[in-house]
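Me: I am new to this structure and would like to go through it step by step. Could you show it to me?

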Amino acid sequence: MDIYQFPKNFLWGSATASYQVEGAVKEDGRGETIWDRYCKCPGRIKNGDTGEIACDHYHRYKEDVQLMKQLGLGSYRFSIAWSRILPEGTGKVSEEGIQFYVDLVDELLKAGIEPCVTLYHWDLPQAMQDIGGWANPKMADYFLEYSKIVFEKLGSRVRKWITLNEPYCVAFLGNFEGRQAPGIQDFSTALQVAYHLYLAHGKTVKYFRESQMAGEIGITLNLMPRHAYPKSEENEQARVWADGYLNRWFLDPLIFKRYPEDMIELYRKKQIKIPDFDKKSMEIIGQDLDFLGINYYNDQFVKRNETCWPLETEPVIPPELQVTDREWPITPDGLEEMLIRLKTEYGVKKIYITENGASFQDVVTEEHTVEDAARKEYLRKHLKAVYRAIQKGVPVKGYYVWSLLDNFEWGFGYTSRFGIIYVDFHTQERIVKASGKWFAKCIAMNGIRED
Ligand code: FCB
């Protein structure tokens with residue numbers, strides 16, 4: 001039997017996000033968010049689902065913390081809904097809204113679980129969208145105002161902070177592809193959004209440093225190796241652009257304080273208006289990070305297709321690969337590859353995997369269990385990839401499964417389950433899945449075992 005022992009102090013955690021689990025969207029003064037609004041528009045979300053109730057985590061957080069404790073989690077990553085703190089995005093503060101997070105943090109600390117707080121996981125106050133959302137250059141200052149309030153209330157007890165979750169999705173899925181809130185379809189807007197998100201991030205990190213807050217602060221990016229498929233010179237160019245679009249556009253400014261030249265050139269050729277990245281702003285964006293959070297689900301395969309604007313690339317799924325129920329290919333080696341790249345190409349000093357997991361259709365058996373062998377296998381393969389990367393010297397310090405609970409999976413509503421804990425959305429009953437029990441064993445032995 002092979003045992004893959006993880007380094008001492010490796011952090012084992014699980015993650016959720018406010019809009020996906022909390023529910024209680026109208027309680028204690030919470031303001032409307034872009035996701036509340038987006039869900040109401042017919043055809044946007046499968047089955048017309050919304051996050052109105054979700055996992056009712058807002059009321060059941062104590063029970064959920066007990067489940068985390070039962071699993072042995074070292075850390076819980078959750079996000080704060082900006083509109084619970086500042087219902088209008090700026091100005092009037094809601095003390096009741098803040099109290100929920102104060103109580104949640106208390107409960108976690110009592111259970112010996114380290115809170116890891118994401119300040120922005122996509123649920124922008126609608127009032128902010130009404131003044132242009134992230135396309136408005138003032139948004140960086142509004143975000144700083146919000147972050148300062150959260151730091152003041154939680155800063156004495158929270159030691160792990162993530163400014164933004166997946167700015168790529170916010171910018172390009174929300175403002176170019178339009179398949180996430182706010183549902184805008186304009187490439188120049190998406191570029192502006194990405195830029196302003198980074199200014200917001202940079203200003204917040206700068207403030208964190210200047211006010212000498214305890215703990216560490218970083219950002220979470222979704223990264224995926226891209227591959228040409230099939231391999232050819234033409235498809236290789238598509239791969240480079242696809243990599244620039246998702247990976248380099250977000251990594252380079254943070255680490256090298258510049259946006260990738262080849263992408264700027266491509267966008268210019270396509271007559272896309274590009275923000276003016278002045279030097280001062282790039283200095284703000286490129287603040288030193290304590291860690292980089294990465295969310296990894298799969299690699300992506302592309303071929304050249306000149307009709308696809310503006311990247312001239314088309315995603316393809318090689319038929320030989322296994323996929324999840326979201327048709328996401330299962331490519332654990334890609335995680336190792338990305339981790340090694342972060343070390344060698346970008347010199348990243350500390351990494352947390354802030355999300356990794358898989359959606360599969362789950363069935364509750366007569367014995368009231370969920371035997372999710374495929375998810376367990378997915379997790380095992382990816383943890384082995386993390387193990388291999390660590391062996392090769394990549395400084396990965398922790399791993400959070402996405403997700404603790406089945407939840408509101410954005411455009412997929414409640415049809416896509418990622419949890420290691422099953423949620424019956426009619427009764428709100430929770431059942432720890434086989435993958436959850438297996439993960440608990442990994443935590444207990446600080447490693448994985450081939451069995
Ligand atoms: C990531 C999101 C997370 C969840 C997973 C499946 O992109 O950060 O909220 O939806 O995908």
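Me: How many salt bridges does a search of the whole structure find?
Reply: The search finds 37 salt bridges. A salt bridge here is a side-chain nitrogen of Lys or Arg within 4 Å of a carboxyl oxygen of Asp or Glu. Please note that this is a predicted model, in which local features need pLDDT of at least 70 and side-chain atom pairs count only at pLDDT 80 or more, while totals for chains, interfaces and linings use all residues. Residues are numbered from 1 along each chain as its sequence is written, and side-chain values use heavy atoms, with hydrogens and water left out.

Me: Which residue meets Asp36 in a salt bridge?
Reply: Arg30 does, with N and O 3.0 Å apart.

Me: Is Asp36 buried or exposed?
Reply: Asp36 is buried, at a relative accessible area of 10%. Arg30 is buried as well, at 9%. Buried means under 20% relative accessible area, exposed means over 50%, and partly exposed lies in between (1.4 Å probe, protein chains only).

Me: Now helix H9. Which residue forms a salt bridge with Glu210?
Reply: Lys206 does, and the closest N and O atoms are 3.2 Å apart. Both residues belong to helix H9 (residues 187-210), where they are four residues apart, about one turn of the helix. Helices (H or I, at least four residues) and strands (E, at least two) are DSSP runs, numbered from the N terminus.

Me: What does Arg209 meet in a salt bridge?
Reply: The side chain of Arg209 meets that of Asp290, at 3.1 Å from N to O. This pair links distant parts of the chain, 81 residues apart: Arg209 is in helix H9, and Asp290 is in the loop between helix H12 (279-285) and strand S8 (291-295). Arg209 is partly exposed, at 31%, and Asp290 is also partly exposed, at 26%.

Me: Which residues are linked in a network of salt bridges?
Reply: The network links Asp362, Asp372, Arg375, Asp406, Arg417 and Lys433.

Me: Let us change topic to the strands. What is the strand order of the closed barrel?
Reply: The barrel has eight strands in the order S2-S3-S4-S5-S6-S8-S11-S12, and their pairing is parallel. Two strands pair if DSSP finds at least two bridges between them. From one strand to the next, the twist averages 25°. Angles run from 0 to 180 degrees between N-to-C directions, and axes are lines fitted to C-alpha atoms, for helices over the stretch in contact.

Me: How many bridges join S5 to S6?
Reply: Four bridges join strand S5 (residues 160-165) to strand S6 (residues 216-222). Asn165 stands opposite Thr220 in S6.

Me: What does H14 lie across?
Reply: H14 lies across S2, S11 and S12, and runs at about 170° to S12.

Me: And the open sheet: what is its order?
Reply: The order is S7-S9-S10, with mixed pairing. Strand S7 (226-228) and strand S10 (313-316) stand at the edges with a single partner strand each, so one side of each has no neighbour in the sheet. Helix H10 (residues 233-256) lies across S7, S9 and S10, at about 130° to S9.

Me: At what angle do H3 and H5 pack?
Reply: H3 and helix H5 (residues 95-110) pack at about 10°, and their axes are 10 Å apart. The two helices are therefore roughly parallel, a term for angles under 35 degrees. Residues in the contact include Tyr61 and Val65 of H3 and Phe100 and Leu104 of H5. Contact means heavy atoms within 4.5 Å.

Me: Last one: how far apart are the end C-alpha atoms of H15?
Reply: They are 17 Å apart, which agrees with the 16 Å that the 12 residues of helix H15 (residues 434-445) should span at 1.5 Å a residue. The expected span is 1.5 Å times one less than the number of residues. Buried residues of H15 include Trp438, Phe439 and Ile443. Just after H15, Asn446 takes a positive phi of about 50°.

How values were computed
Angles under 35 degrees count as roughly parallel, over 145 as roughly antiparallel, 65 to 115 as roughly perpendicular and the rest as oblique.
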